[in-house]
Every structure is written in C-alpha cells, then in structure tokens.
Amino acid sequence: MRIAVTGSIATDHLMTFPGRFADQLVADQLHTVSLSFLVDNLDVRRGGVGANIAFGMGQLGTGPVLVGAAGSDFDEYRAWLDRHGVDTASVRISEVLHTARFVCTTDADHNQIGSFYTGAMSEARLIELKSVADRVGGLDLVLIGADDPEAMLRHTEECRARRIPFAADFSQQIARMSGEEVRILLEGATYLFSNEYEKGLIESKTGWTGDEILAKVGHRITTLGSRGVRVERSGEDPIEVGVPEETAKADPTGVGDAFRAGFLSGLVWGVGLERAAQVGCMLATLVIETVGTQEYQLSRAHFMDRFTKAYGHDAADEVRVHLR
C-alpha cells in the first residue's frame, strides 16, 4: 500500500529570554514599540505536519511519499528525511522562497512572541498528484494534511476526480476555513482525522451532525488526548483505544502527527483499525516523552516491549511481524 502525505514542511526557531516581556513594555509607548531581546538559547527543530507524519511512517518502515513545498534551504532537512525512510522526491523546491519558518521567543513567564513565515508553502498548490502517482506506480491513499489552504482544496478535488482514496486532516487550518471549504474537503473522504475540539468545530462550521458527517466519510478518527482515540464507522460500534503509560510528559508538540503516522502505518500493514489505532497511540506516547517532533528514537525491541505491556501479547504478535 502506497500512501502520499501532503502537508506543511517547516522549521521552528525557538529562543528563550530570561526576563519578562512585561517589564520591557512602557504603557504609554505601545504605539511605537521598538524592542530587541538578548536571548539565552536557540533551538532549531524540524517540523511541519506533513514532514512530521512522514518521518513517523518512515521510522516504522512504511515508505511514505512526502508531498509539499520547500525552499532551496531544504537540502539538510531533505537528507534527514531520506535517511529516515521518507521518499522526498515529490517535494517541490521554490526558486524564490525559503522553507516555511516559525520564529518564537519565550520569556520567563512562558509568554511568547512569535512569527510564522509561510514562504514556499504557498507553492504547494502547484503540485499535481498525478505526477506523484505516475512516479511511484500509483497511490492507494493520500493524506491531505494542514498546508496552504488552496493546495488542500486542489489536492482534494484531484483525488475525487482521479478516484484516489483520501484522508481529510484539517488540523490547525480548521480555524481559518469557512464552512463551505470544510464541507468540500471532507466530502467523500475515506478517513477524517481530528481531535475532540476540532470535531465540534467541524460540526459547527458545516452545520452537519456527527451522524451526517460519518455518513459522508468512511471512517472518523477522533483523538481524545489522555483518553486515547475513538474510531467510528457508520452502522458499527465505535472502537475505543487507550494510551500506553507515559514515562514523562516532555513536550506535546507533534503528538497528533505521530498518532497519524502510526495509524497510517497500520493501514499499510493491513493489521485492522484497532491495531492501527494502537500503533498510533504507542508512537504518540514516544513523542510526548521527547522534546521536539522528530527527535525521538525508535528501536524495535523498545517499541514492542512498550506495546506488549499496553495492549497484550496477541496484539503485539500481529504488529511485530511488520515492524522493521
């Protein structure tokens, strides 16, 4: 099974200011602010939902095809993804724009000042999925993740026109989308991913009930935070999967992306929806225990030990034969 993952590719530049922003602001001069903060730390992390999901799938050995746009500064990031099992040949490289970038400074009170530069991400709308499918010998599923909004619409329309099954995953872009755009993006999806809050927002924006949405998509997967995940299918009982015990909560960033990577890998392996959700929850747990979205290490023995403890020997036996 060949899965293409469309979505943002970005880097995060995270800095720490040891003081308080509030101490540097003069109440009657806020209309003419001019400040520079001497920071203690700079942490550059790889990110972007498309790249995060593809990285997780690559770690599990399921050979994802990453589809997105980056700048000429992507070479080092590309090499990293290539080394971790991601097919990056379908990433469009802009001739004029840099890779999307988030720059953020956090003060001692955990207040943040940040900027997001979309950059080359805006060129994702120029990528045609047919050329991707032709290069790899066909696509069995396309995950349409958070990206340039126009790219998300075009990829969805192309999937429907070419009868390529797709998964809708609005993620952080749901906030800026209209109800009509959300309806277009989920109509006919084989899978719909969201967290619990986004689930309610999708229903509010579309005006459709949960049952009506479920009738329009094959499967609805809702992550529930510490309570795990729910997988729903029309006319069938939902599947509820809990999360493995955590050793620490270091950083929640990228946990949802990791779940999707594990779930999609389970689909590639053909282990069934419950097992796929369990793989997703296990990978998400590894990410929450690590600072950074792609900084975790996955060893087969460690993964299977944790997975067996969480879900039992029968579940582990199904998964073990696929995990490389």
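Helix α1 passes helix α8 in a right-handed crossing. A crossing is right-handed when the near helix is turned clockwise from the far one by less than a right angle, and left-handed when anticlockwise. Helices here are DSSP runs of H or I with at least four residues, strands are runs of E with at least two, and both are numbered from the N terminus.

Before going on, a word on the model: it is predicted, so local features need pLDDT of at least 70, side-chain atom pairs count only at pLDDT 80 or more, and totals for chains, interfaces and linings use all residues. Residues are numbered from 1 along each chain as its sequence is written, and side-chain values use heavy atoms, with hydrogens and water left out.

Back to our pair. The axes of α1 and α8 come within 8 Å and cross at roughly 45°. Axes are lines fitted to C-alpha atoms, for helices over the stretch in contact, and angles run from 0 to 180 degrees between N-to-C directions. The two helices are therefore oblique to each other; under 35 degrees would be roughly parallel, over 145 roughly antiparallel, 65 to 115 roughly perpendicular, and the rest is oblique.

Who makes the contact? From α1 come Val49, Asn52, Ile53, Gly56 and Met57, and from α8 come Asp257, Arg260, Ala261, Leu264, Ser265 and Val268. Contact means heavy atoms within 4.5 Å. By class, that is six nonpolar, three polar and two charged residues. Ala, Val, Leu, Ile, Met, Phe, Trp, Tyr, Cys and Pro count as nonpolar, Asp, Glu, Lys and Arg as charged, and the others, Gly among them, as polar.

Now stay with α8 and turn to α9. Their axes lie 7 Å apart, at an angle of about 145°, and α8 passes α9 in a right-handed crossing. Residues in this contact include Phe259 and Phe263 of α8, with Leu283 and Val287 of α9. Its classes are 16 nonpolar, three polar and no charged residues.

For a left-handed crossing, look at α4 and α5. These helices, residues 149-162 and 179-186, pack at about 35° with axes 9 Å apart.

Next, the pockets. How much space lies in the largest one? About 920 Å³. A pocket is found on a 1 Å grid over the protein atoms alone, as an open set of points where a 1.4 Å probe fits, with protein on both sides within 12 Å along at least five of seven lines; lining residues have an atom within 4 Å of a point. Grid points are joined across faces, edges and corners, and the volume is the space filled by probe spheres set on them.

Of the 39 lining residues, Pro252, Thr253, Gly254, Val255 and Gly256 are the closest to the centre. Our friend α8 gives the most to this lining, with five residues. The lining divides into 14 nonpolar, 17 polar and eight charged residues.

The second largest pocket holds about 330 Å³. Among its 19 lining residues, Leu14, Arg45, Cys104, Thr106 and Gln112 are the closest to its centre. Strands β2, β3 and β7 each give two or more residues, and β3 has the largest share, five. By class, this lining has five nonpolar, eight polar and six charged residues.
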